[in-house]
Every structure is written in structure tokens, then in C-alpha cells.
Amino acid sequence: MKRIFIFILFFAFAITAKAQFGGGGIKGKISGTVIDSVTKKPVSYISVAVYFSTGKAPINGMLTDDKGKFAIYNLSPGSYRVTFTFIGGYKTKTVNPVVTTLSKPDNNMGNVQLIPDNGTQLGEVQHSPAP
């Protein structure tokens, strides 16, 4: 009986310590919709990467859905850099800083406009038989 009481007491202290020292932590998200800056229509399958504002490696990322929407979850409050990339169709866009806080852990970026990259369009290809 004494062991059970000590176990319950230890468990209660552990929960209290976790609550006081931020063991749970608030997690938020960065979300929005990627649209074409010319047509104003959503753009599917854009690569969205999240970095710490001064970081070099992405900490999370995803592709936009078929309606151009994205939501990156499990982000602690802080300052982030978000890049939007689509090879062969749109210019890469970087938004820095994107901030989440304890009082506002979710940051909806709204509509993020990407500029079409017309320089990468291929011209017409003609094939003719060898003589």
C-alpha cells in the first residue's frame, strides 16, 4: 500500500512539473492558399517548405492540394521562413518572417501569389525524318 501511495505521489509531481516547465507546449500551424498572380486561380502541387528564419535546412513541408491550399502543423511559436517552389512554371517565392506566437499559434497567410515563370517555356519542336 505504501508503494502505491508513493507511486501516485510521484506521478502527481511529474504531471505538475511538466505543466510548469512547458512539457506540453503549444503547437500551431502556418496555412494559406497559393494562387497564380495573373489568373488569380489556385495553383496545385506547389512545394511549400518551412525553415527557421535563419535556418538552412527545412523543418517541415508539403505540397499544396488541388485547390492550392496548404497547412503545416506542429510548429512551436517562433519566426519562420516559408518558400514556395514549382520547377518549370512559377518563380520561387520566399516569405520571411512568418511569425507564430503563444497567443496566436496559427498563422493564416491568406492568398500567396506566385508569378508565372515565362522564361522556362519550351518552344515548338519539329521532327522531320532523316534524309
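Two strands are said to pair when DSSP finds at least two bridges between them, and with that in hand the sheet of this predicted model can be followed strand by strand. Four strands form an open sheet in the order S3-S2-S5-S6, and their pairing is antiparallel. At the edges stand strand S3 (60–63) and S6, each of which pairs on one side only. From one strand to the next, the twist averages 15 degrees.

This sheet belongs to a protein of 131 residues, in which there are one helix and seven strands. Read along the sequence, these elements follow the pattern α-β-β-β-β-β-β-β. Of the contacts with a separation of 6 or more, 60% are accounted for by residues 24 or more positions apart.

Within the sheet, the pair S5 and S6 can be looked at in more detail. The two strands pair in the antiparallel sense over seven bridges, and they form a hairpin with three residues between them. In the turn of this hairpin, Gly-88 has a positive phi of about 80 degrees. Gly-78 has Thr-100 in S6 as its bridge partner, while Val-82 stands opposite Val-95 in S6.

In soluble globular proteins, nonpolar side chains tend to be buried together.

Leaving aside its neighbours within four places in sequence, Phe-84 is in contact with Val-34, Ile-46, Phe-70 and Met-109, among others.

Over the whole protein, 27% of the residues count as buried. The accessible surface comes to about 9400 Å², and 61% of that area belongs to carbon and sulfur atoms.

The protein averages a pLDDT of 84, and 73% of the residues score at least 70, whereas over residues 4–23 the pLDDT is below 50. Beyond near neighbours in sequence, this stretch has two contacts in the model. Where pLDDT is low, the predicted coordinates should not be read in detail.

Terms used
Residues numbered from 1 in each chain as written. Heavy atoms only, no water. Contact = heavy atoms within 4.5 Å. Axes fitted to C-alpha atoms, helices over the stretch in contact; angles between N-to-C directions. pLDDT = per-residue confidence, 0-100. Buried < 20%, exposed > 50% of the residue type's maximum accessible area, 1.4 Å probe, protein only. Areas by Shrake-Rupley, 256 points an atom, 1.4 Å probe, with all protein chains shown as cover.
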